Amino acid sequence: QVQVVESGGGLAQAGGALRLSCAASGSIVSINSMGWYRQAPGERALVARIVSGLSIDYAESVKGRFTISRDNAKDTVYLQMNSLKPEDTAVYYCNAVIRDTSDTVTSYWGQGTQVTVSS
């Protein structure tokens, strides 16, 4: 069994910073990708992800402001969010695509954490 647990988020002023963390645990053999999505009213959209521990994708709207990083030893991914804007307000979800000990690949979602940026 695998769990994905997020932490961080909260309230920030425009121009401020927040940091999100997401830790995967359980019967993990390998992590294919790990990253963050966000959902304001509307669809859930990619913010940033690390694929196969090598390539990194960012949404255009966060490039230069957000940085994703991963601690492989801890199966944890971080999202450092700088120069926050009110339009960054959303619920942020961690996603991890994991191969487990039964050789099954599954996409797991965290419970979501609210990020609110005031102007």
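**Exercise 1. In which loop is Ser-83 found?**

Solution. The model is predicted, so local features need pLDDT of at least 70, side-chain atom pairs count only at pLDDT 80 or more, and totals for chains, interfaces and linings use all residues. Residues are numbered from 1 along each chain as its sequence is written, and side-chain values use heavy atoms, with hydrogens and water left out.

Step 1. Ser-83 is found in the loop between β8 and β9 (90-100), where strands are DSSP runs (E, at least two residues) numbered from the N terminus.

Step 2. Although Ser-83 is not a glycine, its phi is positive, at about 50°.

Step 3. With a relative accessibility of 41%, Ser-83 counts as partly exposed, because this term covers what lies between buried (under 20% relative accessible area) and exposed (over 50%), with a 1.4 Å probe and protein chains only.

**Exercise 2. Is Arg-65 buried or exposed, and which residues does it contact?**

Solution. Step 1. Locate Arg-65 in the loop between β6 (55-58) and β7.

Step 2. The relative accessibility of Arg-65 is 10%, and therefore it counts as buried.

Step 3. Leaving aside neighbours within four places in sequence, Arg-65 is in contact (heavy atoms within 4.5 Å) with Gln-80, Met-81, Asn-82, Ser-83, Leu-84, Lys-85 and Asp-88, so the list includes Ser-83 from the first exercise.

Step 4. A polar atom of the Arg-65 side chain also lies 2.9 Å from the backbone oxygen of Ser-61.

**Exercise 3. Which residues touch the most other members of the largest nonpolar core?**

Solution. Step 1. A nonpolar core is a set of buried Ala, Val, Leu, Ile, Met, Phe, Trp, Tyr and Cys residues joined through side-chain atoms within 4.5 Å. In soluble globular proteins, nonpolar side chains tend to be buried together.

Step 2. The largest such core has 30 residues, of which Trp-36, Leu-79, Met-81 and Tyr-92 touch the most other members.

Step 3. Among the elements that give two or more residues to this core are β1 (2-8), β3 (18-26) and β4 (28-39), while β9 gives the most, with five residues.

Step 4. Tyr-92, leaving aside neighbours within four places in sequence, has contacts that include Trp-36, Leu-79 and Met-81.

**Exercise 4. Where is Arg-99 placed, and which residues does it touch?**

Solution. Step 1. Arg-99 has its place in strand β9, and a relative accessible area of 28% makes Arg-99 partly exposed.

Step 2. Not counting residues up to four places away in sequence, Arg-99 touches Ser-27, Ile-28, Val-29, Ser-30, Thr-104 and Val-105.

Key:
Helices (H or I, at least four residues) and strands (E, at least two) are DSSP runs, numbered from the N terminus. A polar contact is a pair of N or O atoms within 3.5 Å; within protein, one must be able to donate a hydrogen and the other to accept it, and residues adjacent in sequence count only if both atoms are side-chain atoms.
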